[in-house]
Amino acid sequence: YQNIKISTPKPGVGLITLNRPKALNALSSPLFVELNDALSKFDKDASIGAMVITGSERAFAAGADIKEMQSLTFSAAYTTDFIAPWSHLSTSITKPVLSAVNGYALGGGCELAMMADILYCSRTAVFGQPEIKLGTIPGAGGSQRLTAAIGKARAMELVLTGENFSGAQAGEWGLAAKVFETAEECVEGALKTAEKIATYSRVAVKAGKEVVNKSQDLGVREGVEFERRVFHALFGSRDQKIGMAAFAEKKKPEWSHE
Ligand code: HXC
């Protein structure tokens, strides 16, 4: 890979580090080809239970690559749908993905961070949807995910003013699940959570991610019905038998991932 680095720093954990330091990890098309490839490989890898996406201490990602988009026409944007690869993470990846956000997470960088299932950041991280300053708007789900996470009042203000907000605010507003003092602690915290998730039954984890994500698209009643169907279905898994038998026998479950 030219624009990302991948590693498996803890058992069951795939780490993807965005790596275009000179452009503050601006999310170019070649970067997305690599990111999607790495996500798919970890998703298919039976030894991996969860993934973490991070950037550098200075920038998670300073947005979509403005220089690449600069001369794009409406017809080219519409017909080639150059943003389509951005949907891969939220539509095709079934294992949990955490984002560990340090430094700038602006525009598409903020949007990528919000596509993750769990967002962690450092107190000094700089989030924002500054597209309005470029004469445009968020294009990779920012207006929808930010609004769902922090409410319409704040999201509307942020999208229309292009003002930044801090990691500390992301925590207070419920966008970030955890806020850390330093960049190092943030990445380590995300890796630890990913490691913990990777110790559980892959079947149950996949179902847990699926039902929580469904809550974003369905009304409460339909969502609860969907959850119940999936809950019933898990009685057909070996791991439900293993997990409950282990509890009854006061033993540690040895998951079959079946
Ligand atoms: C391309 C970028 C970039 C970006 C930074 N760079 N952000 N290149 N696209 N989004 C490049 C700069 O051009 C510069 O390259 C190098 O990275 C360092 O950036 P500087 O601006 O010199 O650094 P600094 O002064 O520290 O300012 C940091 C910054 C600023 C505040 C983050 O770079 C900035 O405002 N970036 C743009 C943020 C933005 O508007 N993002 C939203 C993009 S639109 P050179 O070659 O000069 O050294 C978007 C829409 C997504 O994301 C919709 C879905 C597709």
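This is a predicted model: local features need pLDDT of at least 70, side-chain atom pairs count only at pLDDT 80 or more; totals for chains, interfaces and linings use all residues.
Q: Is S56 buried or exposed, or does it fall in between?
A: The relative accessible area of S56 is 33%. Buried residues lie under 20% and exposed residues over 50%. S56 is therefore partly exposed.

Q: Which residues is S56 in contact with, leaving aside its neighbours within four places in sequence?
A: S56 lies in the loop between strand 3 and strand 4. Once the neighbours within four places in sequence are set aside, the contacts of S56 are N25 and N102.

Q: How far apart in space are S56 and N19, C-alpha to C-alpha?
A: N19 belongs to the loop between strand 2 (13-18) and helix 1 (29-44), whereas S56 belongs to the loop between strand 3 and strand 4. In sequence, 37 residues separate S56 and N19. Their C-alpha atoms are separated in space by 7.6 Å.

Q: What is the C-alpha to C-alpha distance in space between N19 and E57?
A: N19 is partly exposed, at a relative accessible area of 26%. Along the sequence, N19 and E57 are 38 residues apart. In space, the C-alpha to C-alpha distance of N19 and E57 is 11 Å.

Q: Which residues is N19 in contact with, leaving aside neighbours within four places in sequence?
A: N19 sits in the loop between strand 2 and helix 1. With neighbours within four places in sequence left aside, N19 is in contact with Q2, N3, I4, K5 and N25.

Q: Is L27 buried or exposed?
A: L27 is found in the loop between strand 2 and helix 1. Its contacts beyond four places in sequence include L18, F32, W86 and L112. The relative accessibility of L27 is 3%, so L27 counts as buried.

Q: How far apart in space are L27 and A64, C-alpha to C-alpha?
A: L27 and A64 are separated by 37 residues in sequence. A64 is among the residues in contact with L27, as are G63 and D65. The C-alpha atoms of L27 and A64 are 4.5 Å apart.

Q: Of the 23 residues around the ligand, which come nearest?
A: The side chain of R58 has an N or O atom 2.8 Å from a ligand oxygen atom. A polar backbone atom of A64 likewise lies 2.8 Å from an oxygen atom of the ligand. The nearest of the 23 residues are R58, A62, A64, K67 and G108.

Q: How far is a polar backbone atom of G108 from an oxygen atom of the ligand?
A: G108 is one of the residues that come nearest to the ligand, and G108 is also in contact with L27. The distance from a polar backbone atom of G108 to a ligand oxygen atom is 2.7 Å.

Q: What is the orientation of helix 10 to helix 11?
A: Helix 10 (residues 202-214) and helix 11 (residues 220-234) pack with their axes 10 Å apart and at an angle of about 175 degrees. Angles over 145 degrees count as roughly antiparallel. Helix 10 is therefore, relative to helix 11, roughly antiparallel.

Q: Is T193 buried or exposed?
A: T193 is part of helix 9 (residues 183-198). Beyond four places in sequence, T193 touches L98, I118, Y120 and K178. The relative accessible area of T193 is 17%, and because buried means under 20%, T193 is buried.

Q: What is the phi of D81, a residue that is not a glycine?
A: D81 is located in the loop between helix 3 (74-80) and helix 4 (88-92). D81 is partly exposed, with a relative accessible area of 40%. Its phi is positive, at about 45 degrees.

Notes. Residues are numbered from 1 along each chain as its sequence is written. Side-chain values use heavy atoms; hydrogens and water are left out. Helices (H or I, at least four residues) and strands (E, at least two) are DSSP runs, numbered from the N terminus. Buried means under 20% relative accessible area, exposed over 50%, partly exposed in between (1.4 Å probe, protein chains only). Contact means heavy atoms within 4.5 Å. Axes are lines fitted to C-alpha atoms, for helices over the stretch in contact, and angles run from 0 to 180 degrees between N-to-C directions. Angles under 35 degrees count as roughly parallel, over 145 as roughly antiparallel, 65 to 115 as roughly perpendicular and the rest as oblique. A residue is near a molecule or strand if one of its heavy atoms lies within 4 Å of it. A polar contact is a pair of N or O atoms within 3.5 Å; within protein, one must be able to donate a hydrogen and the other to accept it, and residues adjacent in sequence count only if both atoms are side-chain atoms.
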